[in-house]
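I opened my notebook for a quick look at this one. Come along and I will jot down what I looked up.

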Amino acid sequence: MDADVKRKQLAAALNRVARGDRPALRLVYDMTSAKLFGVCLRILNDRSEAEDVLQEVYLTVWNKAADFDEARASPITWLVAIARNRAIDRARSRAPSRRSEPIEAAADVADPGASAFESLASAQEQERLKSCLDEIEERQSLAIRVVFMGGFTYEELAERSGVPLGTMKSWIRRGLAKLKECLER
Amino acid sequence: MTDNSVPETEDSRLIAAEYVLGVLDAPERRAVEQRIARDQVFAREVAFWEKRLGGLAEGIPAVAPPTSAWARIEAALAQAERRAEERAGLWQSLRFWRGLSLVTSALAAACLAALIYTGALSPPRAALVAQLGAEGGKTGFVAAVNSGGGTLTIVPAALLSAQEQKAMELWLISPGDKPHSLGLIDPNRPVTIKVPRDLLARVNKEAVLAVSLEPLGGSPTGQPTGPVIANGKLAQL
């Protein structure tokens with residue numbers, strides 16, 4: 001199915017969830033749970049914890065669907081933000097990270113030729129982000145990608161990369177400032 | 001409103017980006033969330049980054065969750081619902097409605113009376129109710145607009161069989177207007193629907209409620225596509 005149709009279908013289902021429509025929640029779940037579980041798993045690296053968080057995510061969707069505003073965010077972007085926030089909160093609340101793979105491994109990504117529906121942003125926005133990330137220093141852009149996908153703290157990232165904490169913070173902050181400048185152009 | 005812990009330096013404006021990126025620790029995240037709730041400019045900054053950086057999630061592979069995951073979510077929802085029921089008392093009690101709705105049209109009047117009675121516990125204005133007549137003159141559903149008009153409860157009054165691969169969708173129809181969806185309903189249990197803000201004014205004694213059969217997930221067009229199985233006019237009591 002065409003990405004635009006899926007997006008509209010998902011937005012319509014979320015609007016129904018906002019009215020307390022339980023079958024619509026199941027529809028949202030069927031359309032998005034694999035993506036959101038992947039996002040949680042990436043950050044938590046533990047299936048059972050990711051499953052706990054997935055449950056919290058859909059309860060949040062049930063309770064907060066009225067906050068979804070189609071004019072401001074695409075439905076999948078909204079859902080991914082909820083899943084990432086929940087997973088990051090869970091990761092922060094537990095004992096120091098149990099992840100042991102080298103930091104570069106976290107940047108490994110699936111084939112970007114994902115299905116049309118996986119398209120989170122419009123092709124145009126996606127292209128823009130990519131070109132802006134290419135514009136900033138490579139180590140900064142790599143750090144930004146790694147942190148976004150893995151949900152690392154500055155401390156974890158500094159430790160794993162063998163870079164002093166202050167240096168890591170200023171890399172990322174400078175990278176974000178330049179990224180913002182480029183994205184707003 | 002200013003926040004002393006977050007001075008307006010370049011770094012602190014970037015805190016919205018750092019929050020979305022996910023590098024902040026737990027106390028910093030709580031502080032950011034409080035700020036989102038009270039500072040609209042800052043909330044827009046967070047939304048900017050969510051939209052822009054959101055594309056990075058594209059590279060994260062989808063992983064099918066275990067099949068038990070949905071059952072857990074349903075159980076958690078049911079538990080939350082039970083707690084809400086305990087708070088709301090009889091009005092929201094599924095067991096009460098289930099018992100009462102195991103009746104045919106002969107008892108629909110009792111259903112209606114119960115709706116009025118429970119709705120009348122705190123009536124800021126006269127209640128609106130509707131009996132939705134189904135084929136053969138039976139009452140298919142009884143609906144009542146809850147006090148304040150913000151929600152509507154619809155109760156199956158007859159034993160309706162759920163149809164395979166079909167959903168039942170409730171519509172609000174004002175004279176001279178196209179039908180507006182109020183969402184999907186369940187033929188086996190009462191459903192309370194939050195009336196969307198833009199439709200509140202249309203919930204009055206001129207309006208008709210109708211139930212149509214639609215594909216699973218509801219009408220794909222935003223308008224009824226299947227047969228209407230029950231309908232009735234709202235009436236003031």
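Before anything else, I noted how strands are assigned: a strand is a DSSP run of E with at least two residues, numbered from the N terminus. I also kept in mind that this is a predicted model.

**Entry: one residue in chain B**

I started with Glu214(B), and I found this residue in strand S7 of chain B, which covers residues 208-215. Is Glu214(B) buried or exposed? Glu214(B) counts as buried because 21 C-beta neighbours lie inside 10 Å, and the cut-off for buried is 20 or more.

Next I asked which residues Glu214(B) is in contact with, leaving aside neighbours within four places in sequence. My list reads Lys166(B), Ala167(B), Glu169(B), Ser219(B), Thr225(B) and Gly226(B). I also checked Pro227(B): 13 residues separate it from Glu214(B) in sequence, and the C-alpha to C-alpha distance is 8.1 Å.

**Entry: chain A by itself**

I then turned to chain A, where I counted eight helices and zero strands. Read along the sequence, the pattern is α-α-α-α-α-α-α-α. Of the 185 residues in chain A, 42% are buried. I looked at contacts with a separation of 6 or more in chain A, and 72% of them join residues 24 or more positions apart.

**Entry: where the chains touch**

Technical notes: Residues are numbered from 1 along each chain as its sequence is written. Chains are lettered from A and ligands numbered from 1 in the order in which they are written. This is a predicted model: local features need pLDDT of at least 70, side-chain atom pairs count only at pLDDT 80 or more; totals for chains, interfaces and linings use all residues. Helices (H or I, at least four residues) and strands (E, at least two) are DSSP runs, numbered from the N terminus. A residue is buried if 20 or more other C-beta atoms lie within 10 Å of its own, exposed if 12 or fewer, and partly exposed in between; C-beta atoms are placed from the backbone. Two residues are in contact if their C-beta atoms, placed from the backbone, lie within 7 Å.
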